[in-house]
Amino acid sequence: MHRWFLPLLLILNGLAVTGQVNELGLTVGATYYIGDLNPYRHYPKDTKLAGGIVFRHNLTDRYALRLQGLYGTLQAYDSDSPDSLQQLRNLHFRAPLFEASLLLEINFFKYRSKGKDAKKWTPFVFGGLAYFRASPKAQLDDTWYDLQQLGTEGQSTTQGDKLYAVDHMAIPFGAGLKLNAGRIDFQLEWGMRRTWTDYIDDVSGAYFDNDVLAFENGPLAAALADRSGLEDRIPGYSNTGRARGDANTRDWYVYSGLTITYVISRFSDCDEQYNWMKRRR
């Protein structure tokens, strides 16, 4: 993670030195996850509170760069699904989420400048690149356990793949609305994160042989890998090789929230004079 922070700090310092309109503020909102345990629903029951810090450098009245750090939680339960097969699978997860992102914002209108077409509000769209960390946990007997190290789909066994990563990259994109009130700015936004992992929820492929899993990774891994109870209730039944998740899809997550920033530096007098002379031509 340190490899990411140093370049971000250098960029932040460079923008502060050369910046025109810089803003610093806080954001608060909610995160939710879309994946094997919540395939379709937006703002599900397990939508969680999230928040963070924002630094915005306005390149012009149309474009701005935003550095943002977020902290939240991603969570889902099969038991909340209306799908009977998901209820039978009976898996769940909770993953603390940390995200650091660099975003380009594009305003629909000339925002907060002094031209005749300028406005104190504007819709906007954004996109960029994010690093995030999400390590899934599951609860058993009132205790939450880290799932990645357990290898619940046979990872790290003699017959399985290596452990999946919990540090990832994502592409954030979305839209929102900005409103200016003097040196205070308000921003509402909704943004999705396209990831390249299917293991935010620890669910992707097929059930591994639970006896082998218990022998090689321990009985806790076997207990958290298959929560259906079918092998105990039906003599001779085995989940081994049956679909546990959809390996052809990737997990997504969403952050939506309200951001309040304070304008810490304005357009310089030279910029205003240049813009005035440009309009006079």
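The legends below describe close-up views of one predicted protein model.

Residue numbers start from 1 along each chain as its sequence is written, and side-chain values use heavy atoms, with hydrogens and water left out. Because the model is predicted, local features need pLDDT of at least 70 and side-chain atom pairs count only at pLDDT 80 or more, whereas totals for chains, interfaces and linings use all residues.

**View 1. Overall make-up of the protein chain.** The protein chain holds six helices and ten strands, where helices (H or I, at least four residues) and strands (E, at least two) are DSSP runs numbered from the N terminus. Of its 281 residues, 43% are buried; buried means under 20% relative accessible area, exposed over 50% and partly exposed in between (1.4 Å probe, protein chains only). Among contacts with a separation of 6 or more, 73% join residues 24 or more positions apart, a contact being heavy atoms within 4.5 Å. The chain exposes about 14800 Å², of which carbon and sulfur atoms supply 60%; accessible areas come from the Shrake-Rupley method with a 1.4 Å probe, and for residues only the protein chains shown count as cover.

**View 2. The largest nonpolar core.** This core has 14 residues, and Tyr33, Leu37, Leu74, Phe93, Phe132 and Ile200 have the most contacts inside it. A nonpolar core is a set of buried Ala, Val, Leu, Ile, Met, Phe, Trp, Tyr and Cys residues joined through side-chain atoms within 4.5 Å. Strands S3 (63–77), S4 (92–107) and S5 (121–134) each supply at least two residues of the core, and S4 gives the most, with three. Leaving aside neighbours within four places in sequence, Ile200 is in contact with residues including Tyr33, Leu74, Phe93, Phe132 and Tyr253. A second, separate core of eleven residues includes Ala138, Leu147, Tyr164 and Phe208.

View 3. Gly72 lies in strand S3 and counts as buried because its relative accessibility is 2%. Not counting residues up to four places away in sequence, Gly72 touches Thr31, Leu49, Ala50, Ala95, Pro96 and Leu97. The C-alpha atoms of Gly72 and Pro96 are 6.1 Å apart, although 24 residues separate the two along the chain.

**View 4. A nonpolar patch on the surface.** Val28, Leu49, Trp121, Leu177, Leu179, Phe186, Leu188, Leu258 and Ile260 form this patch, with about 820 Å² of accessible area together. Patches are made of residues with over 30% relative accessible area and no salt bridge, like charges being joined within 9 Å and nonpolar side chains (Val, Leu, Ile, Met, Phe, Trp, Tyr) within 5 Å; a salt bridge is a side-chain nitrogen of Lys or Arg within 4 Å of a carboxyl oxygen of Asp or Glu. Strands S8 (167–181), S9 (184–195) and S10 (252–265) give two or more residues each. Leu188 is located in strand S9.

**View 5. Two aromatic pairs.** Rings of Phe, Tyr and Trp (its six-membered ring) pair if their centres lie within 6.5 Å; planes under 30 degrees apart count as stacked, over 60 as edge-to-face and the rest as tilted. By this rule the count is eight aromatic pairs. Phe109 and Trp121 form an edge-to-face pair, at 5.2 Å centre to centre and 85° between the planes. Phe109 belongs to the loop between S4 and S5 and Trp121 to strand S5, twelve residues apart. Phe109 is partly exposed, at 27% relative accessible area, and Trp121 is partly exposed at 42%. Phe124 and Phe126 form a tilted pair, at 6.2 Å centre to centre and 35° between the planes. Phe124 is buried, with a relative accessible area of 1%, and Phe126 is buried, at 6%.
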